[in-house]
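Please look over the structure shown here.

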Amino acid sequence: MAHPKASLQHAEALARRDLLDLTSYDVALDLASDDTTFGSVTTLRFTSGSGTTFLDLKPVTVQTVRLDGRPLDVDLLARGRFPLALEEGEHELVVEATMPFRNDGEGLHRSLDPADGRSYVYGMCFMDAAPTIFACFDQPDLKAPYTFHVRAPRDWTVVGNSPGQQVEPGVWELDQTQPLSTYFVTLIAGPWHVVRDEHDGIPLGLSARASLAADLDKDADELFTLTRQSFDELHRLFGIRYPFGDYHQAFVPEFNAGAMENPGLVTFRDPLIFSSRVTRGLRVARASTLAHEMAHQWFGNLVTPAWWDDLWLNESFAEYMGNRVTADVTEYADIWVDDSYARRQWGLVADQTPSTHPVAGNGAVDASAALQDFDGISYAKGCAILRQLNTTVGDDVFFKGTIDHFERHRFGNATMHDLFASWERAGAGDLSGFTDSWLRTAGPDTITLDRAAGVIRRTPPTEHPADRPHRIRAAVAEDGTWTDQVLVIDSPETPFDAGDRPVLLDPYNETWALLMPDKLTMDALEQLLPGIEDPLLRAGVWSNVRSSLHNASVDPLDVLELVVGSLPIEDTEDTRRRTMAWVYGWVLPLQPDPGVAIAQVHEAARGKLAAAAPASEEQLAAFRVVIATASDIGMLTAWRDAEDLPEGVPLDLDLRWRVLTRLATLGAVDLAELDRHLDAEPTGAARVQHARARASRPDADAKTWAWSCFTGEVNLPNYELEAVGLGFWRGGQEELTDPYVERYFTDLPATVNVRSGWVLADAAEHFFPRTSLTRGTLARCEALIADGDLDLSMRRRLVDQADTLERKLAVLEAYPRT
Ligand SMILES: [Zn+2]
């Protein structure tokens with residue numbers, strides 16, 4: 001259940017940091033006594049000035065609080081805070097409490113694996129869940145070393161931030177850690193399958209649920225190889241050894257984020273252990289996530305932001321370094337292509353919403369406000385800007401400054417100002433102009449070709465004026481051959497004589513801007529795109545076309561022609577690289593007749609499928625599109641029964657559920673049959689797919705059930721809840737779902753009573769009535785946004801959904817369906 005909690009104010013954090021100096025945490029957890037709660041005894045040693053402050057503590061019950069041996073009144077705990085009046089000097093605080101196992105991916109998450117009925121526990125303290133595990137001063141700049149003692153069931157394995165031993169059956173003692181911020185503290189406990197290795201003196205570990213053991217073993221070589229390569233490259237670039245002892249990578253169930261960089265024990269979402277066949281896109285993404293978390297061990301973990309407003313710097317830096325390392329030393333040299341498909345638009349779209357903000361935090365007053373700005377701008381745009389900075393100052397200065405920063409603030413905290421001072425000391429010169437243009441000003445410039453006027457126009461966003469120089473390449477086509485031209489765009493109009501040649505501006509992502517092909521280029525692309533060999537250029541085409549549709553600057557019929565003529569699956573994984581997801585979400589619903597358009601995409605995918613080599617990834621990607629767009633129930637039913645499948649495509653769990661979900665959407669399978677398939681192979685992944693298929697059925701009972709999941713009457717774990725939201729709203733089912741448009745806006749605010757944190761905001765997004773493309777829905781959404789009582793994280797998601805809806809309406813109004 002959600003408790004009203006106070007979000008830590010920056011001013012409070014500053015006052016507490018000035019008062020306290022932490023010596024150590026000693027934490028004893030008893031995970032063996034109960035399924036729903038655990039015992040937690042924290043002994044905190046610190047020195048203090050004279051004054052009052054508070055401890056963060058969010059228990060089920062608290063038994064005792066002792067300050068320097070003296071018991072305090074436990075009833076003083078209110079809203080997650082325990083007040084402390086301190087005298088100057090050394091103190092020992094001992095808090096004995098009963099804490100909740102949680103099931104929403106935060107705190108100490110405990111879940112049951114449906115595949116074998118075994119229980120697993122992992123910790124996730126980011127960004128303010130530590131007080132549901134142990135008593136603490138929960139802010140990033142109060143670091144201390146931790147010693148953990150854990151009692152667990154005898155068949156469990158326990159791994160923490162530091163190496164540990166089982167000293168007697170069920171009793172685990174972990175070594176003292178390096179100084180850590182509270183948000184890094186974690187452990188995993190359960191009957192984990194563990195694989196171990198070693199590299200360059202660093203003990204390595206991998207773990208996953210026992211039911212995923214065979215899949216983890218299959219990929220362990222690849223994961224260890226990526227880890228070794230990334231360590232070697234990061235050691236070479238930073239010249240500072242990895243400082244946290246063992247490096248264990250745990251793949252854990254129902255994890256909200258992609259991964260979390262906890263020192264010594266990184267946690268990843270376990271769909272990244274592949275139980276079904278995947279295509280390269282997902283492997284590339286996994287590799288770069290792995291390298292991203294490794295880069296954090298230095299940037300974020302060794303040196304940590306003093307306050308949450310600098311969190312972007314953690315993510316931008318890890319994103320840039322993770323991509324760079326992946327590109328330079330692993331087999332996934334095409335990571336920048338993946339970045340162009342999967343990450344660029346994430347950042348660009350975020351940067352065009354009304355909720356856009358500068359990359360650099362501007363003094364977020366409290367922790368929840370800072371978390372709202374933790375988005376595609378923090379990752380993708382920040383990465384692009386740091387890459388530009390690296391190009392500008394060169395590797396020598398870039399890394400000299402970075403190393404200076406690590407050395408000055410080793411195991412401590414620092415700010416953006418500190419880092420830029422290090423870069424300036426290293427010889428970068430005055431970076432204030434760069435910082436102002438790219439990091440302290442929101443929104444992208446729009447760069448367009450005005451062919452008739454013979455100029456390239458640069459237009460800053462109206463609400464965020466700026467004067468930014470861009471150095472880009474333009475790809476120009478002549479007789480079917482593309483050549484590059486370097487352009488410096490440092491004024492509102494730059495002369496450029498395109499003649500009648502198609503032109504793509506910055507297809508290689510060398511700046512950060514909104515780029516849209518002009519009409520002549522768009523028309524020519526239908527002929528030219530199939531011949532483009534350079535994968536980065538091809539990704540740039542799709543990125544520019546997506547920006548155009550997003551801004552109602554291209555007829556959706558023209559986009560459909562491009563999609564049908566060059567189905568964007570050629571070297572991609574259809575969901576991960578997100579181009580097909582965009583086709584389903586943006587291109588098809590905006591067509592004059594979406595049903596006809598789906599049939600056209602289906603035919604195009606069948607053509608690709610027929611031409612693809614058996615067992616190739618292209619074949620698999622094409623087959624997924626064929627399934628998702630099929631309307632022939634007989635054919636789908638045959639595939640469900642593993643009949644008439646394309647040669648080289650075995651029906652694994654993922655494909656079977658894709659077929660079942662399509663059949664469910666078409667109303668061709670009932671719940672009993674979905675249940676039978678789940679019972680036959682009851683894994684965690686199957687439960688998620690089952691939930692999506694069930695909610696997809698065009699049936700009043702199915703929608704009633706799905707809605708009770710949203711309102712919390714039916715309690716589902718996070719992945720299943722997301723799947724229900726994604727299944728609920730289906731084009732063509734409006735008769736059933738229309739009444740739920742109003743109910744969404746009525747029911748949403750009260751969901752704050754049934755969930756909190758990540759899951760609260762995620763559910764607000766996943767259940768948004770995205771198939772209702774009307775001005776009325778937009779008006780209803782805006783009315784709720786104006787409600788001053790609405791939870792901050794929900795409002796932020798609604799603002800972004802309203803922007804998406806408004807943009808789709810703009811396309812429909814600019815290119816009316818006649
Ligand atoms: Zn990160």
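## Basis

This is a predicted model, in which local features need pLDDT of at least 70 and side-chain atom pairs count only at pLDDT 80 or more, while totals for chains, interfaces and linings use all residues. Residues are numbered from 1 along each chain as its sequence is written, and side-chain values use heavy atoms, with hydrogens and water left out.

## Zinc site

H292 (NE2), H296 (NE2) and E315 (OE) coordinate the zinc ion at 2.0 to 2.1 Å. Donors are N, O and S atoms within 2.8 Å of the metal (3.2 Å for Na, K and Ca); water is not among the atoms, so sites may look incomplete. Along the chain, the donors have the spacing H-x3-H-x18-E.

H292 and H296 lie in helix α3 (residues 280-296) and, because they are 4 residues apart, are separated by about one helical turn. Helices are DSSP runs (H or I, at least four residues), numbered from the N terminus. Both H292 and H296 are buried, meaning under 20% relative accessible area with a 1.4 Å probe, protein chains only.

## W312

W312 sits in helix α4 (residues 311-329) and is buried, with a relative accessible area of 4%. Beyond its neighbours within four places in sequence, W312 contacts V359, A360, G361, S378, M416 and L439; contact means heavy atoms within 4.5 Å.

## Helix α20

Among the buried residues of α20 are Q689 and H690. The buried residues of α20 pack against α18 (653-665), α19 (671-680), α21 (700-711) and α22 (718-728).

How values were computed
Helix = DSSP H or I, 4+ residues; strand = E, 2+ residues; numbered from the N terminus. Buried < 20%, exposed > 50% of the residue type's maximum accessible area, 1.4 Å probe, protein only.
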